[in-house]
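Please open the model in your viewer and keep the selection panel at hand. The tour goes from the whole chain to the place where its parts meet.

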Amino acid sequence: MNICILGAGAIGSLWACYLHNAGHTVSLWTRGSEASISLSLDERPPLVFPCNQESQLSDTDVLLVTVKAWQVESAIHPIISLLKPHCSIIFSHNGMGAVETVLPQISDHPVYFATTTHGALRKDKNQIQHTGQGQTIIGSLNNLADDQLDKLVEAFNLALPPVHSDSNIGQALWNKLAINCCINPLTTLKDCRNGELAAKDTLETIETLCIEIAMVINAEGYTCDKNKLFTRTKQVIEATSANFSSMHQDIHHNRPTEIDYITGYLLQRAQAHNIDTPMNKKLFDQIKQKEALNDH
Ligand code: KPL
């Protein structure tokens with residue numbers, strides 16, 4: 001397939017290398033004007049990808065959008081008219097609420113969401129490290145997408161397994177969002193690695209967050225048990241103990257965070273159901289204050 005990756009960050013670059021190695025023709029699309037980008041995956045010889053080539057974009061079968069939630073609209077808007085009619089569009093980012101804003105503009109395309117737990121680190125512009133094996137779940141976001149879901153899952157699974165399809169992608173997204181609501185703001189405010197959240201007083205805060213989050217997820221019509229969520233959060237804290245969360249890294253590098261699409265999305269849905277979520281609100285306000293001190 002001809003695959004274009006919109007956004008050459010850590011996860012986008014990781015997929016670019018693995019999809020290329022699986023035999024696909026991969027190009028990149030970035031904010032810059034460079035005509036090619038060289039990427040080495042885990043000390044392997046560099047691969048050179050064409051970049052920002054309109055001819056390549058107009059022949060793309062699959063557009064994989066790996067920019068952050070807050071960049072989705074501005075990144076995809078200028079290129080929609082360049083895509084061929086049946087080009088599949090797969091979004092993959094932390095958080096919820098961003099794709100809804102662009103769905104009406106791309107309703108002629110099969111649209112999917114992919115959520116992944118792979119760890120990737122962009123060591124510099126040309127070096128990408130696969131820091132943690134994970135898995136990927138892909139689900140359809142519109143009716144047009146259902147027909148080709150299996151074919152896409154098979155192609156992505158051959159490139160970087162395991163990849164599964166999920167007919168209830170909303171549940172998978174809420175599961176991920178719940179974990180991000182617990183880990184990302186706290187690691188950012190405490191300026192620590194994920195593992196340090198296992199301290200007793202922090203776990204009490206996380207337990208309160210889980211109670212609030214489970215109420216919202218249930219009100220949205222999805223399944224969430226507060227005790228299971230607490231246990232799963234502790235497992236992720238342990239499994240990713242040496243990592244700095246993505247929100248911690250954003251603040252550290254003076255970038256905007258995804259808070260509006262993580263805790264912010266939870267608060268919006270809580271308000272719609274008249275559910276009180278004071279602990280999540282407190283963390284949201286504190287991250288907003290920290291973000292305002294960044295000059296981006
Ligand atoms: O997804 C993550 C993130 O940092 O955004 C977790 C699961 C918290 C791992 O760091």
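Begin by colouring the protein chain in two parts, selecting residues 2–167 as domain 1 and residues 170–295 as domain 2, and bear in mind throughout that this is a predicted model.

Next, select the residues where the domains touch: 14 residues of domain 1 are in contact with 15 residues of domain 2. Between them the two domains bury about 1400 Å², and 64% of this area is on carbon and sulfur atoms.

Which residue forms a salt bridge with Asp250? Select Lys68, whose closest approach to Asp250, between N and O atoms, is 3.2 Å; across the interface of the two domains, one salt bridge is found by the rule. Polar contacts can be displayed as well, and across this interface five residue pairs are found in polar contact, with both residues of each pair at pLDDT 80 or more.

To see which elements carry the domain 1 side, select helix H4 (98–102) and strand E7 (111–116), each of which supplies at least two of the residues that touch domain 2. Strand E7 gives the most to this side, with three residues. Finally, colour the domain 1 side by residue class, where you will find six nonpolar, five polar and three charged residues.

Conventions:
Residues are numbered from 1 along each chain as its sequence is written. This is a predicted model: local features need pLDDT of at least 70, side-chain atom pairs count only at pLDDT 80 or more; totals for chains, interfaces and linings use all residues. Side-chain values use heavy atoms; hydrogens and water are left out. Domain bounds come from an automatic or database domain assignment. Contact means heavy atoms within 4.5 Å. Buried area is the accessible area (1.4 Å probe) that two parts lose on being put together, summed over both. A salt bridge is a side-chain nitrogen of Lys or Arg within 4 Å of a carboxyl oxygen of Asp or Glu. A polar contact is a pair of N or O atoms within 3.5 Å; within protein, one must be able to donate a hydrogen and the other to accept it, and residues adjacent in sequence count only if both atoms are side-chain atoms. Helices (H or I, at least four residues) and strands (E, at least two) are DSSP runs, numbered from the N terminus. Ala, Val, Leu, Ile, Met, Phe, Trp, Tyr, Cys and Pro count as nonpolar, Asp, Glu, Lys and Arg as charged, and the others, Gly among them, as polar.
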